[in-house]
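Look at the sequence and the model below.

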Amino acid sequence: MAGLYTSLRPQPPSSSSSSQQSFFSKVLLLLTILPLSLAVFAFVLQWRGGGVDDPISRWSPEESHKFPGMDSSPLSTVAHSSSHSSDCSLLAHSNTPSFPYYKDWKFKLHSDLKPKICITTSTSAGLEQILPWMFYHKVIGVTSFLLFVEGKAASPDVSKVLESIPGVKVIYRTRELEEQQAKSRIWNETWLSSFFYKPCNYELFVKQSLNMEMAIVMARDGGMDWIIHLDTDELLHPAGAREYSLRQLLLDVPSNVDMVIFPNYESSVERDDIKDPFTEVSMFKKNYDHLTKDTYFGMYKEATRGNPNYFLTYGNGKAAARIQDHLRPNGAHRWHNYMKTPKEIKLEEAAVLHYTYSKFSDLTSRRDRCGCKPTKDDVKRCFMLEFDRSAFIIASTATEDEMLNWYREHVVWTDKAVNLKLLRKGILTRIYAPMVIVQGLRESGVFSSIVSSAQKSLSKDKFLASIESSNSSKAAASETLPSRKIGRNQQSQATRRILEESASHFEFHEEAVPPRPPPGIDEDVITEA
C-alpha cells in the first residue's frame, strides 16, 4: 500500500522539462507581442502624417513607366486638365494617377519600332467612343490610324480633336473623295458587284471597301507593315502573345504569311443600362473557331437563346494584312491580292472583341441610319444578317417599353445560372484587360487632356474659321450622292453598260467576304450526314 501511495505522489519536475516549458512560453510571448507592435507602429505613422505614401501616388514625372508591348516608348508628363468637352462626359472621371504607364497621351513612338501597324475605320461616332477605342489600341502597339469620318465624327468639335493626335489622319467624305473613289477599278470588277446600288448595310459595305482601298496606299506611303480594318465598336485582344501586345503578336508571325485572321468574340451584356461598354462589359461569347465542335453544337440551343444565330451579328472575324504589292480589300472582313492567293493563318487565342448591341440605344441608332421600310421583305434588301433585320423592325414599330422588353429577352444575359453553366463549359468567357486599360487611361486624365489640348491649340478666330470651313465642306458634301450611287452618274455610259449587260467583260475575282453568321445547327447535321 505504501508503494502504491508513493507512485501516486507528484514527482518534482526535472530541470530539462522546466527549461523547455520556459522556452515555449517565451516564443509564444514573442509571437503575441510582434504583430501587436507592428500594428501600433502602423497606427502611429497613419496618425502623425497621413501614412506611408502609395508608390503610385508619388511617381516622379521624370520616371519612365512602360507597358507591355511598348518597351521602347519615350514617356513624358502631361498636365491633367479639368475642362471637358460637352459630349465627352464619359471620357473623364478622375485625375488619380492610378495608371502611370503612359503620362504622355501623344504616345510618341520610336521610328524603329517594328512592325508598324495601321488601323483604318469608317466612322460617324463621337469622341466618347473613338478616343477610348483609339488609345486602347495605341497601348497595345498600333502606330497609325486612318479615320474616314462623316456625321458626328466629321463635326468640328470632334474632328479637330482627332486631328491633333499624332499618328492620326482624318479623311472627310467630300465631293472630291467621292469623285476619286468613282474612278476606282473596283467598279469594273466582279468581287464586290453584288453589293452595288443597294441601301443601308450594303451601301456601308461598299463604302468601307472603297475606303480600305485608299487606306492601303496611305499606309504604304506611311511606311506601315500591317493594316487592319476595324469598326469603333471592336477591340483587338492579343491573347497568346508573350505580352499583351499586338505588335509582339504580329512580330511573331512567319514572314511568308500574308494575312492573319482574328476570330471574333461577341459581347454578352448582363444589364440593360450599359453606358460605356469598354469599361462595363467583361463577358464575351467565344467564336466557333475557339471551341470544340462537341461543345459548340452541344450547347448551341442554350447559347443561342431563341435568336436566329449563335451570334447576334457576324461570326467570321476580322483580318490583318501584310502590306505588299497588289494588296486589295476583300470586303470589310478580309483582304486579298490581285496577283496571288494570300497565305493566311487563323489565330488560336487572339480575338476581335465585338461590342455589338451592347447599349439599349444601339437599337434606335441603327434604325435611324437606315430609311428602309420595317417589313420582312424590305429589310432583306437592307440588312445582311437576320438579327439586324429583326432589331430594325422592332425599333421601327414597337413602343419604348416593348423595345426594352425585347432587348432584355434577346440581348441581355440576366439568368446567372445559365451564365455560370456556359462559363464553365467555355462558351462564355471573362476578359478584363480592355476594361483595365481603358479605365486606367480615363482615370489618369488622358482623354480630358486630349480635348483640352486641342481646344487650347486653336485661337478663337482660328476655331471659328475652322467651323465655318467645315460647315462649307458639309454643305458641299450634302450635295453629293450616297456612295451606292457613286459611279452610276459619274462613270461613263460604257462602264455602266458593262456593269449591267455583259459580266463577261469584268475582271473576275472571288466574291468579297461579307459579314457571315457562325455555323448553325442545321449546317452541322448536313456536314455529318
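**The sheet and a helix pair**

Strand E7 (residues 264-267) and strand E13 (residues 351-354) run parallel and are joined by three bridges. Helices (H or I, at least four residues) and strands (E, at least two) are DSSP runs, numbered from the N terminus; two strands pair if DSSP finds at least two bridges between them. Opposite His354 in E13 stands Glu266. This is a predicted model, in which local features need pLDDT of at least 70 and side-chain atom pairs count only at pLDDT 80 or more, while totals for chains, interfaces and linings use all residues. Residues are numbered from 1 along each chain as its sequence is written, and side-chain values use heavy atoms, with hydrogens and water left out.

The open sheet has five strands in the order E5-E13-E7-E8-E14, with mixed pairing. Strand E5 (234-237) and strand E14 (428-430) are the edge strands, and each pairs on one side only. On average, neighbouring strands of this sheet are turned by 35° against each other, direction ignored. Helix H15 (residues 416-425) packs on the sheet and touches strand E8 (283-285) and E14, where contact means heavy atoms within 4.5 Å. The direction of H15 makes about 85° with that of E14.

Now to the helix pair. The axes of helix H5 (residues 175-182) and helix H6 (residues 201-221) come within 11 Å and cross at roughly 90°. Axes are lines fitted to C-alpha atoms, for helices over the stretch in contact, and angles run from 0 to 180 degrees between N-to-C directions. H5 is therefore roughly perpendicular to H6, a term for angles of 65 to 115 degrees. Leu177, Gln180 and Gln181 of H5 make the contact with Leu210, Asn211 and Met214 of H6.

Notes: Angles under 35 degrees count as roughly parallel, over 145 as roughly antiparallel, 65 to 115 as roughly perpendicular and the rest as oblique.
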